[in-house]
Amino acid sequence: MRRVVEAERAATQAGETAVRLRSRAQRLMAKAELVAYKSVMALRIAEAARISDSSRDLVLTTLD
């Protein structure tokens, strides 16, 4: 009977650990998705700024 109780206790503890680890993994995935989104947006902004500078330079050159 004691082995059964110990096995149940171990199973419960393993389940709680699994839930805790899964929750942590989900939080880390959410953070990773946010970082990926921010990096894509930063690239788009940098590309738009580069294009904007090129266009501005072209207009200034044409007007001169």
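## Secondary structure

Helices and strands are taken here as DSSP runs, with at least four residues (H or I) for a helix and at least two (E) for a strand, numbered from the N terminus. On this basis the protein chain of this predicted model has 1 helix and 0 strands. The helix, α1, covers residues 2-63.

## Overall dimensions

The radius of gyration of the protein chain is 28 Å, whereas a compact globule of 64 residues would have a value near 11 Å. Along the principal axes, the C-alpha atoms fill a box of roughly 95 × 10 × 5 Å. Two positions in the chain illustrate the spacing: G15 and S55 are separated by 40 residues in sequence and by 60 Å in space, C-alpha to C-alpha.

## Surface and charge

Of the 64 residues, 0% count as buried. The protein chain has an accessible surface of about 6200 Å², and carbon and sulfur atoms contribute 62% of that surface.

The protein chain carries 12 positive and 8 negative charges, and the mean positions of the two sets lie 13 Å apart.

## Individual residues

G15 belongs to helix α1. Its relative accessible area is 33%; because buried means under 20% and exposed over 50%, G15 is classed as partly exposed.

V4 is also placed in helix α1 and is partly exposed, with a relative accessible area of 45%. Together with M1 and V5, V4 forms a nonpolar patch on the surface, and the accessible area of these residues together is about 320 Å².

Notes. Residues are numbered from 1 along each chain as its sequence is written. This is a predicted model: local features need pLDDT of at least 70, side-chain atom pairs count only at pLDDT 80 or more; totals for chains, interfaces and linings use all residues. Side-chain values use heavy atoms; hydrogens and water are left out. The radius of gyration is taken over C-alpha atoms; the globule rule is 2.2 Å times the number of residues to the power 0.38. Buried means under 20% relative accessible area, exposed over 50%, partly exposed in between (1.4 Å probe, protein chains only). Accessible areas come from the Shrake-Rupley method with a 1.4 Å probe; for residues, only the protein chains shown count as cover. Lys and Arg count as positive and Asp and Glu as negative; His and the chain ends are not counted. The place of a charge is taken as NZ of Lys, CZ of Arg, CG of Asp or CD of Glu. Patches are made of residues with over 30% relative accessible area and no salt bridge: like charges are joined within 9 Å, nonpolar side chains (Val, Leu, Ile, Met, Phe, Trp, Tyr) within 5 Å. A salt bridge is a side-chain nitrogen of Lys or Arg within 4 Å of a carboxyl oxygen of Asp or Glu.
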